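Thanks for coming. I'll go through a few places in one structure, and you can follow along on the screen.

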Amino acid sequence: MKKYWHVMKIGTENMLVYRFNFFFRAAVSLVPLLATIYLWQTIYRGQKPDVAGYSLAAMISYYLLVTIVDTLTAVNEDDWQIAADIKDGNISQFLLKPIDYLTYRICLFLSGKLIFTAVSIVPVGLFMFCFRHYFVAPPGWGMAGCSLLSVLLTGLLQFFMSYTMALLAFWLLEVSTIIFILFAFEYIAGGHLFPLNILPAGLAAALNCTPFPYLLYFPVSVYLGQVRGAELWRGLAIQAGWVVLFYFVARWVWARGIRTYTAVGG
Amino acid sequence: MKLLRATFPGQLRRHLGIYHALWRNSVAREMSFKSNFLLWLVVEFLWFGLQLSFISVIYLHTDHIGDWTKWQVLMLVGASHFIQQIFQAFFLTNCTQLSELIRTGKLDFMLLLPVNTRFLISLRQVDLGGFVNAASALAVVAYAARQLHLVPSVMQIIGFFILCAAGIAVHYSLMFLLASVAFWTVRAQGIVWGYYNLFNIARLPDAAFHGFFKAFFRFAIPMLLVANVPVKLLIRPLESPLEMALLVVMSAVCFALSEVFWRVSVKRYTSASA
């Protein structure tokens, strides 16, 4: 276990190189967020006090929470790096050493998220502070704990899905298109653009059969108290199920990929 | 050296000739990765569809944003996509590659060529997918116009495209300005991609905004003019002559600024390779 601890330490140091990049990215992404908030404010001003059960405060809280969960869990560079590792033949060294590539990558993902979160705290925190009047409190400590647990599962699911997609580099010369296609689905079906329960009921139910809502929407809706009781436990179980499933898919794809791997460059 | 002192029409013809060659090169390049070309089209179609569905979902719950109705906003999303895609077809890759040219010292070579360097850097590569996407965006604009029962006059249509061209000039000038930051710091690539976030604002109706935010994105970074103004010319032709003038003036100002910054930056350039 000690060796992975070292990986995390080195990973953290490496990520520090990108701190300005991360800071800039976090800060700039707040501009479209601000635009979305203004857009909703204008919509609410023109009409009835709630949209599909959301008050204006709840709607704005939703977007603020999405930003927080996204900062904590979204995969930033990992998928590109994994694909590049495969294409450039860098993974050869992992095949020779007693290091598991998946575990190694999780360590780097964690250290990357640590630095990204630390750097984002200033701009994102400042933004949240400005909109603190809109923040809705979670319905209780228990629910806050559950949504935290769900955020953790979200992070793992994000990672395993991206990891699997990046492994397609074993077979394809160019995986960026595939990554962007997956990202598009995640963007709309994960709840980045709008809360999924403002969709027509049938469509929302259909989306719930896919892993996408568990990449972002689910932990936020737990925090907002929209899923409770038995539904909450079932949701968490399904989310954990997706995590386990994608863990095994990732392992399986890796095992298949290694067989076709030809160590280009090396 | 006679070539350099050629008259303006001669210069123009020469640059067109060069551009023709660049274009041929780009087509050859794109066609050697056909499946990748098609996959990128899929990616762009998906993201365009995603923006359209975002607006459609919002309008399930309201019938106006400010004074904009559903099909007016969808037309705006289409026009914004059209402008962005044409910009992308001609300029985007070239702008993002500037920092790489500087980092590797390849810029030396371009500075030595007997042709305007900015011209060469800005138009080196053409992204053909952008034209396909722009066509799909125009189709959405036309369909939205039909839904709105608009029958624009020829003058309106010409005006629309002129204003779109001004919008493209704004995107290009600002992106080139940001790319030129690479002369001062190696971290410019991130800054260039940051500009991408601002495209998100261009496709939102200006009536949703007010106060500082609105003023900033009209007079400082004119994102709220780029697509809003051409669309307004089609949907409320008599309302916004001042805004049209503003967009044209802002595009000229942005271009002038980027040219000044470019000249100052090139003067500072001291090759990376030596």
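Thr154(A) has a relative accessibility of 0%, so it counts as buried. Keep in mind that this is a predicted model. Thr154(A) sits in helix α8 of chain A, residues 141–167. What does Thr154(A) touch, once residues up to four places away in sequence are not counted? The list is Val69(A), Thr73(A), Tyr214(A), Leu215(A), Leu216(A), Pro219(A) and Gln239(A).

Which residues of α1(A) are buried? They are Tyr4(A), Val7(A), Met8(A), Gly11(A), Thr12(A) and Met15(A). These residues cover an arc of only 135° around the axis, which means they lie on the same side of α1(A). As for the cover over the buried residues of α1(A), it includes α2 (19–28) and α7 (101–130) of chain A.

Now chain B. Leu74(B) is in helix α3, residues 70–104. With a relative accessible area of 5%, Leu74(B) is buried, since the cut-off is under 20%. Leaving out residues up to four places away in sequence, Leu74(B) touches Leu52(B), Ile55(B), Ser56(B) and Val140(B).

Helix α7 of chain B covers residues 154–180, and Ile162(B) lies in it. Ser180(B) is also placed in helix α7 of chain B. Is Ile162(B) buried or exposed? Ile162(B) is exposed, because its relative accessible area is 51% and the cut-off is over 50%. Ile162(B) also belongs to a nonpolar surface patch of about 430 Å², made together with Val154(B), Met155(B) and Ile158(B). Ser180(B), on the other hand, is buried, at a relative accessible area of 0%. Setting aside neighbours within four places in sequence, Ser180(B) is in contact with Leu98(B), Phe261(B), Trp262(B) and Ser265(B).

That is what I had; questions are welcome.

Note on methods:
Residues are numbered from 1 along each chain as its sequence is written. Chains are lettered from A and ligands numbered from 1 in the order in which they are written. This is a predicted model: local features need pLDDT of at least 70, side-chain atom pairs count only at pLDDT 80 or more; totals for chains, interfaces and linings use all residues. Side-chain values use heavy atoms; hydrogens and water are left out. Buried means under 20% relative accessible area, exposed over 50%, partly exposed in between (1.4 Å probe, protein chains only). Helices (H or I, at least four residues) and strands (E, at least two) are DSSP runs, numbered from the N terminus. The arc is that of the directions from the helix axis to the C-beta atoms. Contact means heavy atoms within 4.5 Å. Patches are made of residues with over 30% relative accessible area and no salt bridge: like charges are joined within 9 Å, nonpolar side chains (Val, Leu, Ile, Met, Phe, Trp, Tyr) within 5 Å. Accessible areas come from the Shrake-Rupley method with a 1.4 Å probe; for residues, only the protein chains shown count as cover. A salt bridge is a side-chain nitrogen of Lys or Arg within 4 Å of a carboxyl oxygen of Asp or Glu.
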